[in-house]
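Hi everyone, thanks for coming. Could I ask you to bring the structure up on your screens while I talk?

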Amino acid sequence: MCKRIPLSLSKRKDDLPMKKGVAVWNYPGPGIENAREFIRRGFDAVSWLGSTFAGMTEQEDEELISFLRETKAAFTVHYGLPNPEKPDVVASYRTAIERCAAWQQKYGLMEGLTFDFWYDPELSMPNLAYAIETMRGLDTFLACEDTPLNDRMAEKFLRLLKPEDHYGILLDLGHMNIRQHSIELS
């Protein structure tokens, strides 16, 4: 589930209510079929994996657009920020973010983009900044999973953001629990 929590920089007062969402990529089979089944079961938000969304065909786009218009489901796309030391991976990520922006500009059906940090946060900030700047003004929130969780990281984020940005933190309690226990075991 994803609840948009504005950072102190945000002046938005119209925060969306919490959605009951699901990451369709965690289940076998086609994403659109999974999404339909979850909506039937009472979910009101679905999330696509970034690499899946970036590689969709025109027909798959049309199916997704039809599904979102029909069900009014909230739709997000989830990326891992790329390895900043691999220029080809960064270029591919940036192309995918540009696709998200073009898709959102054309259809207006993407509620949010979310991101994981797997690499050095300082080195990853330019890639997050690219997404923020590319999506700015497209009525799409951006959120990083479990980050920032301290003042030092929050300051890094605040340097990238403008008051009109829709930005928050995606709290994945399952991942936070796993990370906590993994650290204790290492």
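Predicted model: local features only at pLDDT ≥ 70, side-chain atom pairs only at ≥ 80, totals over all residues.

Let's begin with strand β4, residues 112-116. Five of its five residues are buried, so β4 is largely enclosed by the rest of the structure. Which way do the residues point? G112, T114 and D116 go one way from the strand, while L113 and F115 go the other way. Both sets are buried.

Now, the neighbours. Strand β3, residues 74-80, runs parallel to β4, and five bridges join the two. If you'd like a landmark, look for G80, whose bridge partner in β4 is D116. To get from β3 to β4, the chain passes through helix α4, residues 87-107, and this β-α-β crossover is right-handed.

Next comes strand β5, residues 141-145, which pairs with β4 in the parallel sense over four bridges. Here the landmark is G112, standing opposite F141 in β5.

Finally, let's zoom in on F115. The largest nonpolar core has 41 residues, and which of them touch the most other members? They are F53 and F115. Leaving out residues up to four places away in sequence, F115 touches H78, Y79 and L81, then Y93 and I97, then L128 and A131, and also L142, A143, C144 and E145.

That's my tour, so over to you for questions!

Conventions. Residues numbered from 1 in each chain as written. Heavy atoms only, no water. Core = buried A, V, L, I, M, F, W, Y, C linked by side-chain atoms within 4.5 Å. Buried < 20%, exposed > 50% of the residue type's maximum accessible area, 1.4 Å probe, protein only. Contact = heavy atoms within 4.5 Å. Pairing = 2+ DSSP bridges. Right-handed = clockwise from strand over helix to strand, strands pointing away.
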